[in-house]
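Subject: Structure for you to look at, with notes

Dear colleague,

I am passing on the structure we spoke about, and below it you will find my notes on what turned up when I went through it. Please read them with the model open beside you.

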Amino acid sequence: MAAKSMDFLTKFMFGIYLFLVVHGRPDIIEEEILDEILYNYNKLARPATIEHPTVEVTHGVNLIKIEECDGKTLKAMTWLPIAWTDLRLAWSLDFYDLDALTLPSDLLWTPDIVLYNSPSSHAGNAYNPRVYIFNSGSLSWYPPTTITTNCEGSEIDNTVIFCLMRFGSWSYHGKALDIQLSSDFVDIEDYIEHPEWEYVNSTAYKAVQLYACCPEPYPYVMYNITLRRRDNSQSYNVENNLPHSINGVIENRDPNSNVNSDTSVLDKDSRIYQTNNTISGKGSDTDNTDSGGK
């Protein structure tokens, strides 16, 4: 009896083996795409090509909520949408009926965009999200990040503060990686109101830093968030209350220009900044620029 049971089990297992051999594994579309696009993929190499030697990266800031603010320092929860193209990760829709997928960011080359002017050592990511990859080779990444930055108070009204955030590549100059703005203001679609500080407006612009030692440009993007301490008994005019360091740039801007860029030169030995040209762009209510160093 035992021998018959073993014989039946053997035949049953052999039947399963034959079924798998004949029919094979099911076709997993994502697996086939990943096998193709990740074959010989080197995440240490920039996705630059001979035709396009500069990797263009689009950057934005989505303000979610203010965690802490004492009038001098702002700690806020944000999403930092970043987009770029990596043609090594493109695939044809003629072969695969799938136009997008996601991958862990640590499997891919990602731009090393950091907040330059944070008083803390680094920005903190809540977690490392997956990257959206589209069949064209376009990538979108939305890392949630807690940022800490310095704020400057108004010289006229101490209820108004201006918090500046300067982002750029930590390793690459502008010929290797060029950062662009996705918008000329901070996105507040998902913003949660703060009980003490009222969001007033924001502006953003792109600038280029030139160092006396080096011929390559170092582009960065700057965001200015204007906040007001809640007090219904006071009225204010934001542009009139700008601190001198920001208001001086606004007074000298070209009112007919809509280009969000400037160029400045830094003498690394003397640590003296010299602004060659500043062109302020469109903002929501005010236009604020800064030519500080990296």
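**Salt bridges**

Arg230 counts as partly exposed, because its relative accessibility is 37%. Its side chain meets that of Glu193 in a salt bridge, with 2.8 Å from N to O, and please keep in mind here and throughout that the model is a predicted one. The pair links distant parts of the chain, since Glu193 sits in the loop between β12 and β13 whereas Arg230 sits in the loop between β14 (217-229) and α3 (244-251), 37 residues apart. Glu193, at 52% relative accessibility, counts as exposed.

In the salt bridge between Asp86 and Arg88, where the side chains meet at 2.9 Å, N to O, Asp86 is buried with a relative accessible area of 1%, whereas Arg88, at 30%, counts as partly exposed.

**The chain as a whole**

The protein chain has three helices and 16 strands, and buried residues make up 39% of its 294 residues. Among its contacts between residues at least 6 apart in sequence, 71% join residues at least 24 apart. The chain exposes about 16,600 Å², of which carbon and sulfur atoms supply 52%.

**Nonpolar cores and a surface patch**

In soluble globular proteins, nonpolar side chains tend to be buried together. Here the largest nonpolar core has 44 residues, and Phe167 and Leu227 are the ones with the most contacts inside it. If neighbours within four places in sequence are left aside, Phe167 is in contact with a list of residues that includes His59, Val61 and Leu80, the run Ile113, Val114, Leu115 and Tyr116, and also Ile179, Tyr220, Val221 and Tyr223. There is a second, separate core of six residues, and among them are Tyr116, Leu164, Ala207 and Met222.

On the surface, Tyr132, Phe134 and Tyr142 form a nonpolar patch, and together they have about 290 Å² of accessible area. Phe134 belongs to strand β8 (residues 130-134), and its relative accessibility of 31% makes it partly exposed.

**Aromatic pairs**

The count of aromatic pairs comes to eight. In one of them, the rings of Tyr116 and Trp170 have centres 6.3 Å apart and planes at 50 degrees, so the pair is tilted. Tyr116 lies in the loop between β6 (113-115) and β7 (124-125), and Trp170 in the loop between β11 (160-169) and β12 (177-181), so the pair ties together parts that are 54 residues apart in sequence. Tyr116 is buried, with a relative accessible area of 14%, whereas Trp170, at 57% relative accessibility, counts as exposed.

The rings of Tyr211 and Tyr218 have centres 5.2 Å apart and planes at 80 degrees, so this pair is edge-to-face; Tyr211 counts as buried, at 9% relative accessibility. Apart from these pairs, please look at Trp84, Trp109, Trp141 and Tyr172, which form one aromatic cluster.

**Glu67**

Glu67 is found in strand β2 (residues 62-69) and is partly exposed, with a relative accessible area of 30%. Its contacts, leaving aside neighbours within four places in sequence, are with Lys75, Ala76, Met77 and Thr146. Of these, Met77 is 10 residues from Glu67 in sequence, and the two lie 6.7 Å apart in space, C-alpha to C-alpha.

With best wishes

Key:
Residues are numbered from 1 along each chain as its sequence is written. This is a predicted model: local features need pLDDT of at least 70, side-chain atom pairs count only at pLDDT 80 or more; totals for chains, interfaces and linings use all residues. Side-chain values use heavy atoms; hydrogens and water are left out. A nonpolar core is a set of buried Ala, Val, Leu, Ile, Met, Phe, Trp, Tyr and Cys residues joined through side-chain atoms within 4.5 Å. Buried means under 20% relative accessible area, exposed over 50%, partly exposed in between (1.4 Å probe, protein chains only). Contact means heavy atoms within 4.5 Å. Patches are made of residues with over 30% relative accessible area and no salt bridge: like charges are joined within 9 Å, nonpolar side chains (Val, Leu, Ile, Met, Phe, Trp, Tyr) within 5 Å. Accessible areas come from the Shrake-Rupley method with a 1.4 Å probe; for residues, only the protein chains shown count as cover. A salt bridge is a side-chain nitrogen of Lys or Arg within 4 Å of a carboxyl oxygen of Asp or Glu. Helices (H or I, at least four residues) and strands (E, at least two) are DSSP runs, numbered from the N terminus. Rings of Phe, Tyr and Trp (its six-membered ring) pair if their centres lie within 6.5 Å; planes under 30 degrees apart count as stacked, over 60 as edge-to-face and the rest as tilted.
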